[in-house]
Amino acid sequence: MFKVRKPVHTGLNIIIVGCGKVGATLIEQLRKEGHDITIIDQNAKKVNEIANYYDIMGLAGNGASYNVQMEAGIAEADLIIAVTNSDELNLLCCTVAKQVGNCAAIARVRTPDYSSEASYLRETLGLAMIINPELEASKEAARILYLPTALEVNSFAHGNAEMVKFKIPKGNVLSGMSIAYLGKNIASDILICAVERNKEVYIPSGNFQMEAGDVISFVATRKCGKHFLEDIGFKTHQVKNTMIIGGGKASYYLAKQLIHMGISVKIIEQDKRRCEELSVLLPKAVIINGDGTDPDLLSEEGVEYVESFIALTGIDEENILLTLHARQVSKAKIITKINRLAFKDVISGLDLGSVIYPRYITSEAIIAYVRAKKNSMNSNIETLYHLFDHRVEAIEFKVYEASKVTDIPLMSLPLKKNLLISCINRNGSIIIPSGQDSIQVGDSVMIVTTHTGFQDILDILA
């Protein structure tokens with residue numbers, strides 16, 4: 001056991017099994033939020049490095065072992081998160097933990113067979129959550145292809161509201177326009193809630209003037225968001241076809257959704273056996289056995305003419321090069337999957353368009369659960385997204401009880417600076433709030449802020 005100084009316990013007592021990419025991201029994020037973390041992994045060297053770097057407890061061993069879990073302190077743990085590379089090991093870790101401890105359990109499960117049974121597994125095994133990074137990444141990609149103008153589309157209010165990110169091009173009607181003018185004269189049913197300009201992020205007020213080159217995030221219903229983009233001169237029709245490079249789990253999940261949406265799918269995969277599997281799993285897709293990084297093959301398969309191109313290989317460098325090549329030879333909407341975060345500044349400087357980070361999707365879902373578990377009785381976190389390289393948080397709270405924020409006009413609430421109440425979901429009806437609107441018990445409320453770590457709706461008050 002690699003034992004490092006135990007920090008003073010201020011948050012939850014969390015055991016994380018698996019120190020891969022997702023595990024490391026979780027450790028970093030949850031440590032920042034003040035939780036007491038113990039890590040378990042079979043790789044002793046990796047455990048030692050991470051335990052020392054983050055000043056946490058580390059244990060080398062099998063996370064599904066009763067003895068190892070007991071040594072890691074499962075009896076006192078509030079939560080165990082199993083994110084090893086094996087679905088079966090993750091489920092077994094959680095099953096053992098539920099038997100010997102009184103803790104909540106979260107398992108990462110990626111295999112399609114298990115994912116289709118996620119609800120059954122969660123209920124039968126008593127898990128708090130089953131998370132599938134590849135499935136969630138494919139859902140994000142599908143939302144973007146439905147609205148290809150967008151750089152990013154995040155879903156709130158059980159899919160009733162969306163936050164859409166786009167870049168204002170030169171000569172666009174929004175350039176030089178104030179947000180107040182936009183709301184009064186063009187679009188009252190959307191709310192611009194964050195703007196990035198020259199690497200600075202703003203939560204804008206009504207007198208903020210937009211400029212060409214600004215990256216804008218706005219909230220609206222799907223229908224209103226589409227109409228708004230049309231009104232300001234963007235094409236909003238979903239793509240008719242797509243080319244996916246790489247035939248892994250994420251490609252399978254995405255292809256299945258796109259075919260359901262009526263989009264033609266072509267997948268290029270190097271492994272012949274995997275191609276045969278995909279041909280059976282996706283009979284309506286065209287499966288090509290070949291090297292997706294070969295420019296001649298891409299040209300032969302029509303990369304110049306496809307409406308969307310998605311790089312989903314398991315190698316980040318390949319995905320980035322494929323994206324840059326596709327941008328040169330086609331006008332396709334392009335989505336790139338990136339797993340590593342070490343060169344994020346370099347990647348953002350390449351202007352790759354829409355970039356999806358599966359490990360962020362996983363960590364955000366888990367962090368939202370952890371914050372909700374730690375919160376007071378006034379509200380509960382439903383959804384959490386980090387935006388603009390973690391400089392902005394968009395959080396959806398479910399309001400359970402009357403409090404200092406309920407039944408008071410928003411204009412009268414003493415809100416923190418750099419915070420916007422961007423939408424209210426009231427019984428499935430989406431309200432883009434004005435100063436006269438108020439939060440009511442039973443509402444889901446979405447806030448956007450540059451502050452971090454909110455756990456309760458009352459945190460919005462100054």
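I began with the pocket definition: on a 1 Å grid over the protein atoms alone, a pocket is an open set of points where a 1.4 Å probe fits, with protein on both sides within 12 Å along at least five of seven lines, and lining residues have an atom within 4 Å of a point. Grid points are joined across faces, edges and corners, and a volume is the space filled by probe spheres set on the points.

A note on the source: this is a predicted model, where local features need pLDDT of at least 70, side-chain atom pairs count only at pLDDT 80 or more, and totals for chains, interfaces and linings use all residues. Residues are numbered from 1 along each chain as its sequence is written, and side-chain values use heavy atoms, with hydrogens and water left out.

I looked up the second largest pocket and found a volume of about 900 Å³. Its lining has 44 residues, and K21, N85, R110, E134 and N339 are the closest to the centre. By class, I noted 12 nonpolar, 20 polar (Gly among them) and 12 charged (Asp, Glu, Lys and Arg) lining residues.

**Confidence.** I checked pLDDT, the predictor's confidence in each residue from 0 to 100. The protein chain averages 90, and 95% of the residues score at least 70. Over residues 1-9 the pLDDT is below 50, yet beyond near neighbours in sequence I see 24 contacts (heavy atoms within 4.5 Å) for this stretch.

**Cysteines.** I found zero disulfides (pairs of cysteine sulfur atoms within 2.5 Å). For C103, the nearest cysteine sulfur is that of C94, 8.1 Å away. For C224, the sulfur of C423 is the nearest, 12 Å away.
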